[in-house]
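Here's a quick briefing on a sheet, the helices lying over it, and a pocket. Have a look at the model first.

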Amino acid sequence: MDIKDILQLAKDQINKASSLEEIEKARLEFLGRKGKLTEILRGLAKMSLEQKKKIGGEANLAREDIELLLKNKAKELRAAGAEKIAETEKVDITLPGLASKIGHRHPLQLIKEKYIEIFTSFGYTLFNTPEIETEEFNFDLLNIPQNHPARDMWDTFFVKGNGYVLRTHTSPFQIHCMKKNKPPLRFFAFGRVYRYEQIDAGHSPNFYQCEGLVVDKNITLADLKGTIQEFAKQMFGHDVKSRMRQSFFPFTEPSVEVDVTCAVCGGKGCPVCKGTGWVEIIGAGMVHPNVLRNVGLNPAEWQGFAFGMGVDRICMLKYGIEDIRLLYSNNLKFLEQF
Ligand code: PHE
């Protein structure tokens, strides 16, 4: 095969190459150690000086040609490869971005924050007490006798075998508070409470309460009334009305229940207020003299009032939520509304 034929063959082969591997194969075939052109160059040794000059010159030109062809074809293939990658892996920077999801505060948390805001503005201090209480703190020191129905198995979660209970209300906070601090006192608490109850739209075995306690000299029911009226206005809006009804709690005397005009219907009457226009939200009263004595305070010297309310109920009223279970279901469609 003469140099011209070799060059033609190389041209054809390099043109046909469709990958860098094929280019490399062609390079070896023509310019490699056992390559076609290399063989000719090697054969020069046996040639005459004249032939050496002629054939050597031609062969060197052919090698340069082949090298250039290889280089150009490789460049072309690389560019095509890059284009292909760019096509399949392309990022469209003009597409609109994906908004990252932002969380929402839970409606109970919103009520908690509002509650804290209101009572700190009244000069109260937040006081945290445990969710597991002794029977003594949850009942006895609050003047709840052994035979009181609230102590029944069916209302209270007892912790096995050690006299502890999951607190059934936040009222033990009153005892902790009066034992730890000297009056005058103005404290409030917020937290989870537990009751052994059948779950339905209005009941859950755990829910939240908030509670307040004031102990001072010359405190009367009128102070309680004013405090609650102002709280209701700030929580539900200035046109809300409240009313007190006589009631009973072992740890307050006298005891009252406070109703507010229904925030859902504005007092006209609806299923939430059972058509009455009023909803009961607060249990309250003057701290019972026995409770004061139980923490070493003299009822002739000190008086106080306490009030407790269901946070879930307030939350449901404020936002028009019909089922308490929604508050504990972690349903995003529900939570995203707040
Ligand atoms: N602890 C009572 C309840 O759970 C509410 C209450 C608190 C009543 C403080 C009077 C005083 O129903």
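**Sheet, helices and pocket**

Helix α5 (residues 107–121) lies across β1, β4, β5 and β9, and runs at about 165 degrees to β4. Keep in mind that this is a predicted model: local features need pLDDT of at least 70, side-chain atom pairs count only at pLDDT 80 or more, and totals for chains, interfaces and linings use all residues. Residues are numbered from 1 along each chain as its sequence is written, and side-chain values use heavy atoms, with hydrogens and water left out.

**Helices**
- Helix α8 (residues 221–236) lies across β6, β7, β8 and β9, at about 30 degrees to β9.
- Angles run from 0 to 180 degrees between N-to-C directions, with axes fitted to C-alpha atoms, for helices over the stretch in contact (heavy atoms within 4.5 Å).
- Helices (H or I, at least four residues) and strands (E, at least two) are DSSP runs, numbered from the N terminus.

**Sheet**
- The open sheet has seven strands in the order β1-β4-β5-β9-β8-β7-β6, with mixed pairing (two strands pair if DSSP finds at least two bridges between them).
- At the edges sit β1 (125–126) and β6 (242–249), each pairing on one side only.
- β1 pairs with β4 (residues 185–194) in the parallel sense over two bridges; Leu126 has Phe188 of β4 as its bridge partner.

**Pocket**
- The largest pocket has a volume of about 1,400 Å³ (an open set of points on a 1 Å grid over the protein atoms alone, where a 1.4 Å probe fits, with protein on both sides within 12 Å along at least five of seven lines; lining residues have an atom within 4 Å of a point). The volume is the space filled by probe spheres set on the points, which are joined across faces, edges and corners.
- Of its 50 lining residues, Arg195, Phe207, Glu280, Gly310 and Arg313 are the closest to the centre.
- β8 gives the largest share of the lining, seven residues.
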